[in-house]
Amino acid sequence: MENFDQNRDEMILKQQEDIQKDIASSSDLVSARHPIKQLEVDFASDEVFKSKVVKIGETYSEFRRTRPDGNCFFRAVGFRLFELMLESLDEFSKVKKAVEGSKDEMVKLGMPEFTVEDFFDNFMDTLERLAGDDKMKLEELEETFNNEGLSNYLVVFLRLLTSKQLQLEGEFYQNFMEGGRTVAEFCSTEVEPMYRESDHIHIIGLTAAAGISVRVVYLDRGTGDAPMPHDFPEGTEPKIHILYRPGHYDILYLK
């Protein structure tokens, strides 16, 4: 009987994994822009979420979906950041300055030099296409983030960048570790691997490493009739706005 229950549980888990894979493979990595009203349709049968989406519509006009594959936070922030750099030379210069020394810092922390160099060079090559004579158009940026190979290379670098920042400030972040893990161990299992979901600590690390600010609008079943925004770092005026619903992040656009 015990073996039967175990086999049944394994079958259920396998079915759930297959369903998630089907959902992921049938959706864009980063979608086109949709009106916020579409979210009301998505949550038409959920009065709590629907009423909060109406409130979101008072501040935001559009959103982009990201594929629910565990990389949605990094992909959402990465795309919106690149989009902002495409629009603003000041933003481009600020981010480039923040990340251009990161490769050496990663290698000093013990990350494999060959691997780091590969992802770093690809990231910087793409970044350089956001300004200058060879500046890409928005359509090309959308194509880049929807090309699984190119898009995942950018996501991996953002994960490494976040890991680097957490480890550089390991004494501080150790206070947030559970189960006796070190910051380096946490990064090797929860930050650097693809398809691992992101939480507050990932957001804090990435915003610090890239010198950016992000507002996360939390769509959940918490008290109140409006979603709660949280700015990273606190006290900043974020240009990147992200919608969080349990287990997933999408991109928001202000009115």
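**Contacts, sheet and packing in the predicted model**

Leaving aside neighbours within four places in sequence, Glu197 is in contact with Gly70, Glu190, His202 and Gly247. The structure described here is a predicted model. Glu197 is found in the loop between α11 and α12. With a relative accessible area of 52%, Glu197 is exposed, because the term applies to values over 50%. Between Glu197 and Asp69 there are 128 residues of separation in sequence, while their C-alpha atoms are 8.3 Å apart in space.

The loop between α11 and α12 also holds Tyr195. Tyr195 is partly exposed, at a relative accessible area of 47%. Its phi is near 70°, a positive value in a residue other than glycine. Most residues other than glycine have a negative phi, and most peptide bonds are trans. A cis peptide bond is present in the model between Phe232 and Pro233, with omega about -10°. Pro233 lies in the loop between β4 and β5.

The strands are considered next. An open sheet is formed by 6 strands in the order β1-β2-β6-β5-β3-β4, with mixed pairing. Its edge strands are β1 (30–35) and β4 (228–232), each of which pairs on one side only. From one strand to the next, the twist averages 30°. Strands of a sheet pair through backbone hydrogen bonds, either parallel or antiparallel. Both senses occur here: β1 and strand β2 (residues 60–66) pair in the antiparallel sense over 4 bridges, whereas β3 and β5 pair in the parallel sense over 5 bridges. Arg33 stands opposite Arg64 in β2, and the bridge partner of Arg215 in β5 is His241.

Strand β5 is also joined to β6, by 5 bridges, and these two strands run antiparallel. One of the paired positions is Ile242, whose bridge partner in β6 is Ile251. β5 and β6 form a hairpin with 2 residues between them, and Gly247 in the turn has a positive phi of about 85°. Gly247 is also among the contacts of Glu197.

β5 is largely enclosed by the rest of the structure, because 6 of its 6 residues are buried. From β5, Ile240, Ile242 and Tyr244 point one way. His241, Leu243 and Arg245 point the other way, and the residues of both sets are buried.

Helix α4 (residues 72–87) has 16 residues, and the distance from its first C-alpha to its last is 22 Å, close to the 22 Å expected at 1.5 Å a residue. α4 is mostly covered, with 15 of its 16 residues buried. Helix α12 (residues 200–210) lies across β3, β4 and β6, and runs at about 40° to β4.

Two further helical residues were considered. Thr162 is placed in helix α9 (residues 148–168). At 0% relative accessibility, Thr162 counts as buried, because the limit for this term is under 20%. Apart from neighbours within four places in sequence, Thr162 is in contact with Phe74, Val191, His202, Gly205 and Leu206.

Glu91 is found in helix α5 (residues 89–99). Its relative accessible area is 7%, and Glu91 is therefore buried. Not counting residues up to four places away in sequence, Glu91 touches Leu81, Leu84, Met85 and Lys239. Glu91 and Glu105 are 14 residues apart in sequence, and their C-alpha atoms are 22 Å apart in space.

Technical notes: Residues numbered from 1 in each chain as written. Predicted model: local features only at pLDDT ≥ 70, side-chain atom pairs only at ≥ 80, totals over all residues. Heavy atoms only, no water. Buried < 20%, exposed > 50% of the residue type's maximum accessible area, 1.4 Å probe, protein only. Contact = heavy atoms within 4.5 Å. Expected span 1.5 Å × (residues − 1). Pairing = 2+ DSSP bridges. Axes fitted to C-alpha atoms, helices over the stretch in contact; angles between N-to-C directions.
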